[in-house]
Amino acid sequence: MTYEAVIGLEVHVQLKTRSKMFTRVAAGYGHPENTLTDPVVLALPGTLPVMNKEALDKIVRAGLLLGCEIAPECKWDRKNYFYPDSPKNYQISQYDQPLCRGGFVEIELPGPARNIMGEHRRIALTRIHLEEDVGKLSHGEGASLVDFNRAGTPLMEIVSEPVIHSADEAFAYLTALKAVMIYGGISDCDMEKGQLRCDANISIRPAGDAALGTKVELKNLNSFSFVRDGIAHEVRRQVAVVGSGGKVVQETRDYDGQTGESKSLRSKEMAHDYRYFPDPDLMPVRVDEAWKESIRTGCPELPFDKQRRLQKEYGVPYTITSVLVPDRALSDFFEEAARLCGRPQAAGNWIANDLLRELGAAKLELAQSRVTPRHVAELVVLVETGAILSNAAKEVFIDMFQTGDLPDAVVARKGLRAETNPDELERWCSDAIAANPKSVADFKSGKESAINAFKGPVMRAAKGKADPKRVDETLRRLLAG
Amino acid sequence: MSEELCHSTIADLSRLLDRGGVSAVELMRAVIARTKEVDGRVGAFNSFDEADALAQAAASDERRSRSRTAGSGAPGRPLEGIPIGLKDVIAVAGQPLTASSRMLEHFVSPYDATVTRKLRDAGAICWGRLNLDEFAMGSSTENSAFRTTSNPWDLERVPGGSSGGSAAAVAAGEAIAALGSDTGGSIRQPAALCNVVGMKPTYGRVSRYGLIAFASSLDQIGPFARSVEDAACLLSAISGHDRRDSTSVDLGVPDYGAGMAALAQSGRKWRLGIPKEYFGAGLDPEVGAAVQAAIDEYRRLGCEIREVSLPHTKYAVGAYYIIATAECSSNLARYDGVRYGHRSRDATDAIDIYFKTRAEGFGPEVKRRIILGTYVLSSGYYDAFYLRAQKVRTLIRRDFLEAYKDVDAIVTPTSPTPAFRKGEKAANPLAMYLNDIYTIGVNLAGLPGISIPCGFTRGGLPIGLQVIGQPFRETELLAVAAAYEKVTDWRMRRPPL
Amino acid sequence: MAKPEDLRLDHVASLARIALTPDEKVRFATQLGDVLAYVAQLNEVDVSGVEPTAHAFPVVNVWAQDIAEPGLSVEDALRNAPEKRDNMFVVPKVVE
């Protein structure tokens, strides 16, 4: 029997705002413990929530980018449950009136090879709603410690329909979703900082069946590869259980990415009864056409739309766009460089290969790069006009990456301008031929590779500044003469 | 002289302070002396900080003398230097905030409530922490974890509640005026039982930021005072939109005192509605007679008296106890011993700590209400209880708005009975809940309401008259109340302490 | 509407995280039973087609601009903490 996996993902995304969802103390990551609190965050007696307009703008933007229907009006509900990381012991969330419904995420499945575009699919969304994050528990000697810095950070929950059928699709979904979030300036989606978190609901069914199997919720998938590996592992586990005549039990499991194993979370917690009811401290949100329009105006092009356009307008190959496009800033960088030099392919190559390699080696973000689109564009022009040679260009790139000097300045400082004096090249070639009669004889007798014996001396004489193509031409002409 | 100061109105004291007849420090000393003299018997205060109060008073005198030197000659601000008592659910930075609960017995607020800040901005002195029923749940102040406040008119009786400490303090001359909170009558009922003026503003008129929440959609802070004019003065100081309270309404705040005076000048004849449902079974005959006499007085003043009907009145208590307990079950979830407040020493794990902390920290009435509220919200019961109660709330609201098509204000008794004996209803929560029958509808409908003294029983217990106004039209409401107050002298009587 | 005997006191008290003594259970069952019997009269009301009132005077879009303001110092944040360590709140070990 073959089985089909049915997967739905619940993704929590922290919104990029200055202040928290319901109070104005700063939101942030990496601050000393309990330094981002105020009376509201700590749920001190008498405190009240006030919505953050920017967070609302951002979820509306997310909804519009993902093709959701934006609710004309929605309310806030309290989700009541006790946990030490939850200051009020209820979470303000949206229960039956999410701000966004429907919509989809366009994903790209892995292609037959890395350099070949894969199939595109749309993963339907159920809903997106806004809520607030909880604090952070750490477990110490005989006690647990609570830091409330994260508590109250705006958090968006994006729920997919159960229409994902493999670990690879789940991975592609997260990749695509993250790109949209970053494009929209909605979240940085850094999983290491907990800005994107993912739970998966997984079941299997005999291929072709319509009914859903018993689902298992997989938690703690705290990196993209853990999501992929965890889901693959869970699907295998369920197939094995059913294959050996067993039944999948509805439960929550915790995936350990280090060991690649999962274990059941048999919580002491009694059955949940969240006792949702409308939060009397908050007023409803009404999203009118004008508001939606103002957000729509500021919406960027979606990543895959941009990729299709770059390939069509600039003729840049998939191998390059697939590197540039996931990063909005990088693709903007590219477009600027391409516009400045008029040679998109060359610019694309420099950015996708050299710039990313150097940034990676130096552990820098694009925003910290000393190389600007202008640097790349001018370098492309120098190479294209033959002013410098490609190996010299590589040296120029590394130099300007470190110094921030423009290519012209680097070339001048390092004396890397290509040697273009034909008389000199002619003389170096004649000298090399004269000095090696054996190779001349070999070449003339048909041994094509013998020509290489002359190139070393020529390049040495030229101190590397000769264009290998022209050296080759000159040698052949002289040897033929 | 000293005791006289303590029983004066804000209006009189403000003139006296302006004239230099007394300093804020002298006034504060008099109030402190009076409090020390009588509070052993009254028990209105959970605590007070004498040094802090005197420092505030000294700062007030300083401000006054600076403005005198500046030679403006203009009269001082009406609350400058006036000691205002605060119910112990209103946050004052650096002071205890206990809600009369073991749970918060040692809690010190790091921040000011918005009303506290507004009082400070108006130059008033924030004076003492006034007792209440634990977390404002009750109608007698017997549910305080610390002490039962006594009614200054009869120390064997309750002052009403939940703001019993505020009402008793003003009645006994331990504060010139006070703030309380009113969720189902918690200002108006104790005001009636203690012969003071107590007002619940329209929901949203006064910020709730810094008020310990009982039932968020019903709670409202309001003044206790010795005259309608004083209540108007306090209301002007504490009203207004607050960016920290999403439910506070963004409307301009009139000068209620001036508005009220202008209406009195205009000689406007009010149309007053008498809801027949408020005069049925359960109304004490002496209370009924006093209220009827007050209505007759209004008639003599030229007001038009009309019978109105509020047909859903009998459902108000039921709807209220579902909505209020549901909200409180969630509002009080934060008291868990993790970040502040009482924590059980016996807890073994992070779940156990909740059960034991909350069992030890909350008193029986709070537990009962949390359990009832948890029940009505629990899976499978929400529609039958909470949703239905909210729909009934809509009907109750409509009743009032319908009545206001014909009348300017509605006149009723505040409480069905005068002050009852301590312990009389303690074992029967439902009987206690029914005590709020005339005040609860106002909270459900979000309307402003005021209780003013309107007589005494033969046994010498105060009786209150409730006037209910239209949303955000407190000026008219105050004017209606003041019209009666002007031709009667009930408010001038002092308890035999 | 549910009948008073449906209160399920143990379950509800556990949802509310309140440990009740046997004595409290007996008293509360009676007292809350009375209250539930009383509120059952709401069943008489015809509420068909009636919208629920969540707010007495609802307005929409009450929000603040996203401007970060100073919060509490870590000392003030922890001032009322029953137990603290390393600038954090301490709770008995959470069993996952």
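Domain bounds here come from an automatic or database domain assignment. The model is predicted: local features need pLDDT of at least 70, side-chain atom pairs count only at pLDDT 80 or more, and totals for chains, interfaces and linings use all residues. Residues are numbered from 1 along each chain as its sequence is written, and chains are lettered from A and ligands numbered from 1 in the order in which they are written.

**Exercise 1.** State how far apart the C-alpha centres of domain 1 and domain 3 of chain A lie.

Solution. Start with the bounds: domain 1 covers 3-292, domain 2 covers 301-414 and domain 3 covers 422-480. The C-alpha centres of domains 1 and 3 of chain A are 66 Å apart.

**Exercise 2.** Find the buried residues of helix α9 of chain B.

Solution. Helices are DSSP runs (H or I, at least four residues), strands likewise (E, at least two), numbered from the N terminus. Buried means 20 or more other C-beta atoms within 10 Å of a residue's own, exposed 12 or fewer, partly exposed in between, with C-beta atoms placed from the backbone. In α9(B), residues 256-266, B:Y256, B:G257 and B:M260 are buried. They share one side of the helix because their arc around the axis is only 100°, taken from the directions from the helix axis to the C-beta atoms. On the other side, B:A258, B:Q265 and B:S266 are exposed.

**Exercise 3.** Identify the bridge partner of A:L145 in β3(C).

Solution. Strands pair if DSSP finds at least two bridges between them. Strand β11 of chain A (143-147) and β3(C) pair antiparallel over four bridges. The partner of A:L145 is C:V90.
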